[in-house]
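Student: I would like to go through the terms used for this structure and see what each one rests on. Please show it first.

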2 protein chains.
Amino acid sequence: MSNPTLRGEFTGQDDAGTLFGVGLGPGAPDLITLRAARLIERADVIAYPTLAGGASFARSIAADLIPSGALEIAMDVPMSVERAPAQAAYDKGASQIVAALKSGQDVVCLCEGDPFFYGSFMYIFARLSNRFRVEVVPGVTSVTACAARAGMPLAARNERLSVLPGPLPAEELHARIAGAESVVIMKVGRHLTKIRAVIDDLGLMERAVYVERATLPQEKVLPLKDAPQEAPYFSMILLTKGADPWL
Amino acid sequence: MSNPTLRGEFTGQDDAGTLFGVGLGPGAPDLITLRAARLIERADVIAYPTLAGGASFARSIAADLIPSGALEIAMDVPMSVERAPAQAAYDKGASQIVAALKSGQDVVCLCEGDPFFYGSFMYIFARLSNRFRVEVVPGVTSVTACAARAGMPLAARNERLSVLPGPLPAEELHARIAGAESVVIMKVGRHLTKIRAVIDDLGLMERAVYVERATLPQEKVLPLKDAPQEAPYFSMILLTKGADPWL
């Protein structure tokens, strides 16, 4: 496998390394794929985002697989509504990754969940995919992990599934949930009160489930009506409207 | 982990086995998770769907991991628009699984992709989850696998993602794609001509990518306008409308 078919021909230096964007799944280390595990175990250079210099969730998932001698590139990504600070962090990370690739080393970039599903690797991919060989290793998303832990099938047969980010305005969430079948609301965090009011207004509270840190030891799975007042960033609401439609 | 929190207490026989619904990912054997691989390697009883007595895609993904002595329960699920024949097949499969569970054996039920995302395991889960301990192991879905292979990030920041089944009527597909951001159309198969006409009519042909058998040796990734006239069941169309919104 080389660059994905549709991104055009690889035009960079032939002896440069390959950049791997590796999905790690929702958090439990054994929900890493065999392919991702092998890549990490053999890596010379590992890159990952950290929260403003603090801990890296991605690194923590893969910690037991990272070789002790690997060079680590930590990208300190600030959590802010403004985009410029994060862009600068990805610019800096990309330049460090480029230095390793140009020296002929492969780089394994770690990403919680899946790299192309709200994943930080997209920002690195956008900067480097036309200059270097890139392979993306898909991972288990938090969506299906939350469904598994809640015991809630998401979609069967000809059902639709809508994935909505929690930061959307209340009016938009209201309209989109009203027209949907199964709904997954990502990035709940500080938007929990707003989202809960929308779902209550739609009369769907009894069908909504709250999941926090799915597959981790601190996991919580609760009916939305019993959810805590404060939700972490890694929390989700699942909503299915059918009457056992999978039977 | 025992039964998911929200399915009520387990009330079955205490010495019965546990049913594992195991997602295998999109097709490449090394996109199986570490957890799924370990469960399969240690399984005494393996269950999986087959297409009307023919091959089992799920079994083929996991073939190298299945112990030679394992008892195998093949569920011959007919491909038909009517639901009764498939329901009968799942009834029969469930009764064979029940026999093994009651004898104290664990059963690993294989499922391509993710068990709760258009997965056959949902039908077994619906029949048995209130009578036996059930654990669902999420898998990599074809959605993110196709995106990885196409080099197409699906959703970033506050973008929405709509998953639509290809068998939906043309009018409904038209309306839902028109109102969407990123779109994934599943189960394209014999609906390809209809879907292509809808996307063409919306002026979105240049943004649509066709992916068939993602991550398998026979994989195809093509602009939708160059897709073949006939598509297999395991094919998908990805459509992103933003102008590099992830930068």
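Predicted model: local features only at pLDDT ≥ 70, side-chain atom pairs only at ≥ 80, totals over all residues.

Tutor: Start with a pair of helices: α3(B) passes α4(B) in a right-handed crossing. Helices (H or I, at least four residues) and strands (E, at least two) are DSSP runs, numbered from the N terminus.

Student: What makes a crossing right-handed?

Tutor: A crossing is right-handed if the near helix is turned clockwise from the far one by less than a right angle, and left-handed if anticlockwise. The crossing of α3(B) past α4(B) is of the right-handed kind.

Student: Why are α3(B) and α4(B) called oblique to each other?

Tutor: Their axes come within 10 Å and cross at roughly 60 degrees. Axes are lines fitted to C-alpha atoms, for helices over the stretch in contact, and angles run from 0 to 180 degrees between N-to-C directions. Under 35 degrees counts as roughly parallel, over 145 as roughly antiparallel, 65 to 115 as roughly perpendicular and the rest as oblique. The two helices are therefore oblique.

Student: Which residues make the contact between α3(B) and α4(B)?

Tutor: From α3(B) come Tyr90(B), Gly93(B), Ala94(B), Ile97(B) and Val98(B), and from α4(B) come Tyr123(B), Ile124(B), Arg127(B) and Leu128(B). Contact requires C-beta atoms, placed from the backbone, to lie within 7 Å. By class there are 7 nonpolar, 1 polar and 1 charged. Here Ala, Val, Leu, Ile, Met, Phe, Trp, Tyr, Cys and Pro count as nonpolar, Asp, Glu, Lys and Arg as charged, and the others, Gly among them, as polar.

Student: Why is helix α4 of chain A described as largely enclosed?

Tutor: Of its 8 residues (121–128), 6 are buried, so the rest of the structure largely encloses this helix. A residue is buried if 20 or more other C-beta atoms lie within 10 Å of its own, exposed if 12 or fewer, and partly exposed in between. The buried ones are Phe121(A), Met122(A), Tyr123(A), Ile124(A), Phe125(A) and Leu128(A). Their cover includes β1, α3, β4 and β5 of chain A.

Student: What makes β3 and β5 of chain B edge strands?

Tutor: The open sheet has 5 strands in the order β3-β2-β4-β1-β5 (chain B), with parallel pairing. Each of β3(B) and β5(B) has a single partner strand, so one side of each lacks a neighbour in the sheet. Strands pair if DSSP finds at least two bridges between them. β1(B) and β5(B) have 5 bridges, and Phe20(B) stands opposite Glu135(B).

Student: How do you know that β6 of chain A pairs with β6(B)?

Tutor: The two strands share 3 bridges, in the antiparallel sense, against the required two. Ser162(A) stands opposite Ser162(B) there.

Student: How many residues are in contact between the chains?

Tutor: 55 residues of chain B are in contact with 55 residues of chain A. On the chain B side, α5(B) gives the largest share, 6 residues. That side divides into 37 nonpolar, 11 polar and 7 charged.

Methods
Residues numbered from 1 in each chain as written. Chains lettered and ligands numbered in written order. Contact = placed C-beta atoms within 7 Å.
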